[in-house]
Structure formats: C-alpha cells, structure tokens
Amino acid sequence: MSPGGQGHRSSAVTELCQVTLRLVIEQLELYGVFVLIRIDPRASEPIYVQIERELRRAITAGEVVVGERLPAARDLAKSLDVNMHTVLRAYTELRDAGVIDVRRGRGAVVLPQPAVAPEVDEAVEQLLEMARKHSIPLSQLHQALDDQALDDQALDDQALDEGAHR
C-alpha cells in the first residue's frame with residue numbers, strides 16, 4: 001500500500017472518531033449530562049471497564065452530579081457504537097459499588113458518595129507514588145487491591161460463620 005493510502009485511512013479513522021465523539025456529546029446533552037466518555041476498542045482493558053472508569057471520573061470531577069440521570073443504556077451504547085449489554089455491565093458494576101441506583105422506568109441515577117477521610121486520600125497518594133516508583137501498572141495495582149479485599153472479606157465471612165456456630 002502506498003504511503004498516500006495510509007494517510008487516507010488515518011484521516012478516515014480520525015473523521016470517524018470525531019463523528020462518534022459528536023454523537024456521544026449530542027446523546028449526553030439530551031439527558032442534560034455533558035460528559036466526555038472516551039473508549040479505546042483496541043485497548044486490552046474491556047470496554048465495560050473503560051465506560052465504568054470514565055463515568056466514575058466524570059462523577060468525581062463533578063461533571064455528573066448527585067441525582068443526575070445517566071443516559072439509558074441503549075442510547076449510550078448506540079452513541080458509543082458498542083453492544084447495549086456492555087453498557088449494562090458497566091452500569092451494573094457502578095450499581096454494585098453504590099455509585100448509581102438503577103431502577104426500571106427511572107434509569108440510572110448518581111448516588112451521594114461518602115466523603116473520603118483525608119488520611120485515606122494520603123494513603124492512596126502514597127500507594128500510587130510507590131506503584132509509579134516500581135513501574136507497577138494501574139491495572140496490576142487494581143488487581144492487588146481487589147485480591148486483598150477478597151481475602152479480607154473471606155476472613156470476615158469465616159469469623160461470622162464461626163461466631164454463628166458457637
């Protein structure tokens with residue numbers, strides 16, 4: 001393929017990305033929610049995780065506020081050009097984490113989040129700094145935290161079971 005053909009393909013991809021971005025912005029404006037959701041279909045990270053992360057970021061940044069309704073899964077999926085079940089999985093993860101409430105007929109609504117204690121913010125900052133120092137990718141850090149939380153939950157469950165049998 002000639003270098004000119006490659007440039008044409010690159011500009012076509014750029015144009016497609018811009019069109020997709022405009023569609024997402026238009027769709028989100030319909031719901032009174034203006035948040036930029038960026039996904040990379042080529043990334044190794046699943047798309048539902050990318051959507052979840054982008055929505056968490058938007059909520060944390062105040063782009064989406066408590067009580068605001070998120071777009072219907074079908075509409076957001078169409079805007080992002082992904083399967084509706086992908087968006088539903090992201091919404092389910094957010095619901096299970098207590099970030100949103102999902103109700104039939106009402107949609108997904110952002111819930112209030114408890115304030116994080118300053119010492120927890122400080123510990124997270126130190127953990128991220130240590131991970132950067134040792135070139136540990138964020139995905140690996142997430143996995144380590146999830147694994148530790150599961151281990152702690154298993155110990156808590158075991159203690160409850162032992163207490164119930166006494």
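Student: What pattern does the chain follow, read along the sequence?

Tutor: Read along the sequence, the pattern is α-α-α-α-β-β-α-α. That pattern holds six helices and two strands. Helices (H or I, at least four residues) and strands (E, at least two) are DSSP runs, numbered from the N terminus. This is a predicted model, in which local features need pLDDT of at least 70 and side-chain atom pairs count only at pLDDT 80 or more, while totals for chains, interfaces and linings use all residues. Residues are numbered from 1 along each chain as its sequence is written, and side-chain values use heavy atoms, with hydrogens and water left out.

Student: What makes Asp 40 partly exposed?

Tutor: Asp 40 has 28% relative accessibility, and therefore counts as partly exposed. Asp 40 sits in the loop between α1 (3–30) and α2. From Asp 40 to Ile 51 the C-alpha distance is 9.9 Å, and the two are 11 residues apart in sequence.

Student: How do you know that Arg 53 and Glu 45 meet in a salt bridge?

Tutor: A salt bridge is a side-chain nitrogen of Lys or Arg within 4 Å of a carboxyl oxygen of Asp or Glu. For Arg 53 and Glu 45 the N to O distance is 2.3 Å, so the pair is a salt bridge. Arg 53 is partly exposed at 36% relative accessibility, and Glu 45 is partly exposed at 29%. By this rule the count comes to seven salt bridges. In general, side chains of opposite charge can pair when their charged atoms come close.

Student: Which residue forms a salt bridge with Glu 52, and how far apart are the two in helix α2?

Tutor: The partner is Arg 56, with the closest N and O atoms 3.2 Å apart. Glu 52 and Arg 56 are separated by about one helical turn because they are four residues apart in helix α2. Glu 52 is buried, with a relative accessible area of 11%, whereas Arg 56 is partly exposed at 32%.

Student: What makes Glu 63 part of a network?

Tutor: Glu 63 forms a salt bridge with Arg 57, the closest N and O atoms being 2.9 Å apart. Salt bridges that share partners join Glu 54, Arg 57 and Glu 63 into one network.

Student: Which residues make the nonpolar surface patch?

Tutor: Val 116, Val 120 and Val 124 make a patch of about 230 Å². Patches are made of residues with over 30% relative accessible area and no salt bridge; like charges are joined within 9 Å, and nonpolar side chains (Val, Leu, Ile, Met, Phe, Trp, Tyr) within 5 Å. Accessible areas come from the Shrake-Rupley method with a 1.4 Å probe, and for residues only the protein chains shown count as cover. Val 120, in helix α5 (residues 118–133), has a relative accessible area of 41%, so Val 120 is partly exposed.

Student: Which residues lie nearest the centre of the largest pocket?

Tutor: They are Arg 53, Arg 56, Thr 60, His 142 and Leu 145, out of 27 lining residues. A pocket is an open set of points on a 1 Å grid over the protein atoms alone, where a 1.4 Å probe fits, with protein on both sides within 12 Å along at least five of seven lines; lining residues have an atom within 4 Å of a point. The largest share of the lining, eight residues, comes from α2.

Technical notes: Buried means under 20% relative accessible area, exposed over 50%, partly exposed in between (1.4 Å probe, protein chains only).
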